[in-house]
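Colleague: Could you take me through one part of this model up close? I'd like to hear how the pieces there sit against each other.

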Amino acid sequence: MNFFNAIAIGFKEIWAHKFRSLLTMLGIILGVASLVAMSALIKGMENGMREALVAIGGLEKIRLEDQDIPVYQQHLADQAVGTTIADVYALEKSAPLIRLVTPEMRVRDVTITRAGKSFNSWNFTGTWPGALEMNEHVVEHGRMFNEIDDESARNVCVIGTAARDALFGSPDEVGREIIPIGEHINIKGQIFTVIGMFKHYESEQDAKRRELEKNKPKEEATGPARSRGWGGSRRGSSGIFYYKNNTVYIPLNTMWIKFRSATGLNNLPDQRLSSLSMKIRDISQLEPALQQAKNVLMITHRGIEDFSFQTQENWADQINSSIRNARLSGGFISAISLLVGGIGIMNIMLASITERIREIGIRKAVGATFSDVFIQILVESVVIALIGAVAGLMASYGIVRILVMISPTENSPMITVDAMAIAFAFSAGVGVMAGLFPALKAAKLDPIQALRYE
Amino acid sequence: MSLVELRNVSKLYHLGGEEIRALDDISLDIESGEFISIIGPSGSGKSTLMHILGCLDSPTRGSIQLDGTMIQNASQRQLAAIRNQKIGFVFQFFNLLPKLNVLQNVELPMIYSGKNARERRDRAMAALKLVDLENRMKHRPFQLSGGQQQRVAIARALVNSPKIIFADEPTGNLDSHTGEAILELFSTLSQEGRTIALVTHDPEIAARTPRRIEIRDGKIAIHVDMKLAGLERK
């Protein structure tokens, strides 16, 4: 008997007991669907967790921070130059593993005013146009300043939406979105032209919540207008996005000349950078790249180690480990439910061969061998499992939709091909395991006994 | 050399510590083309004899040769192949598969001998034509009368052109009229040169075959051969 005959017989047998087969498959269907839906949920969770990591520049971004001079170099403290623009040029020229370097010069406690409104930016930074790519910024309106703006130290700025909300009014209050391109604002006494505005950064959850609330009718306001206090839905996990929306960028030279002139020596404004960001070429080369950067910087810093690197490795590791744990526990539960489905198949196969003892006897009398009968029963069990698996994969789409409907503001679950392949392979394995014992039992039947069986 | 040669075959069963001799030192030859009946009361051992002859069972002692092959120490796989290629069975209760239609039932032995679909169909149609049922091939067994079902079973037994056909009480479940037709069919097949062994408890049926063997208590009690006696009917 060839394999296709066995499969054809398997299908016929399943078709002959449609309802029973369906009930048997249900275990596998639910098992596969829950496995795929669970992994889709975890994938969504992972995307949500990585969202914030990506928003601050990803794992490839390394920050160079100032550090106290180590004790054994204390006597050299006078000669320390600190982080300067020279470091940036040196890294650009001599560290090929580093793709992008941007200097950052920050001034704290800056009050920005316009027409009686004021705004305190947490992130008022003078930088290069490359900061756009470095920090994953997107200019939605207007433009980023360019090298010429920087060269001539022009008073131009690119602002985040939080600055716009504070100085011009937020869309919620005004009822329309104000695009303040070409407007002038006063930063610490200097007049700046707004030439660009970033897009509004928010987590996927916040975006969804906002989308939902847009369609809801406004709640009836009762009593005098008042602030309802903290603890609402607005804050929470989205600190990084909040910080990012607070950004106000101006050209590095503008910052240096206009805001650093009060400090510094020899009639030269203080050239030290607040920090320096680098992007490495390849994440697998993180450690060599760090070593390269350190070698270069040790020269420009005259051998004084007054700097340190900051990466997001711990954060990424933490995400990885929590995702792994979620996968493990979810996968374990789904695997158990698939196994239960397999036990259901085994049970039905045992019942089925008991009621087909006579048939097996007839097949053996006309020449079926041990392996013919064995393969027939095994194939039948595997076919049930595989049909169940296919149905389960389809059902998982439905389950994911239901999940999205139940909690629309969670991160969208994402069905992955990997999870589907694993679920399919696993149920095929379960089908084989469930079929082995019944197939053995059927194949071992004595033909005479089987023919006499009533 | 005979088609079937049984030499000193015994079959013992153990039932609750007691030894039962179902067959006791039987020797028997069946020639190619013979029409033989094996008769005996129930419990005499005739079914055991047929099972051993039909390669469904193996003897405790003694040797069997079928078409030149020693089968008393053949493996299960070899026995299955012999049943498939050289032996056709017809049972009292027809033993057709209720889920398959007539054509598929007749094709069944050829599925296990690895014939392709086209050849299976052609040969099954030819076998059904032989038993005069070619217009019923799409019917299910339960849609046919008992006599028709038995003819389907005979077609199934014939389809792989076996060396010998064993019929175990083929008329036992049919009324006398239909039973008569089935026996006629066997006679016709015998005249066409097929070897047939009929197992029955009914002396009247046994009387229709040229050669009769009566089994009692596991031994051949009476052996009647009309050819030897010069009484061949034809």
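Modeller: Let's go to helix 14 (residues 370-406) and helix 15 (residues 417-443) of chain A: their axes come within 7 Å and cross at roughly 150 degrees. Helices here are DSSP runs of H or I, at least four residues, numbered from the N terminus; axes are lines fitted to C-alpha atoms over the stretch in contact, with angles running from 0 to 180 degrees between N-to-C directions. Helix 14 and helix 15 of chain A are therefore roughly antiparallel, a label for angles over 145 degrees. Helix 14 of chain A passes helix 15 of chain A in a right-handed crossing, i.e. the near helix is turned clockwise from the far one by less than a right angle. The residues of that contact split into 24 nonpolar, six polar and no charged. Nonpolar covers Ala, Val, Leu, Ile, Met, Phe, Trp, Tyr, Cys and Pro, charged covers Asp, Glu, Lys and Arg, and the others, Gly among them, are polar.

Keep in mind that this is a predicted model: local features need pLDDT of at least 70, side-chain atom pairs count only at pLDDT 80 or more, and totals for chains, interfaces and linings use all residues. Residues are numbered from 1 along each chain as its sequence is written, while chains are lettered from A and ligands numbered from 1 in the order in which they are written.

Stepping back, chain A is divided into domain 1 (3-53 + 318-452) and domain 2 (56-210 + 234-311), with bounds from an automatic or database domain assignment. Their centres, taken over C-alpha atoms, are 55 Å apart.

Conventions
Helices (H or I, at least four residues) and strands (E, at least two) are DSSP runs, numbered from the N terminus. Angles under 35 degrees count as roughly parallel, over 145 as roughly antiparallel, 65 to 115 as roughly perpendicular and the rest as oblique.
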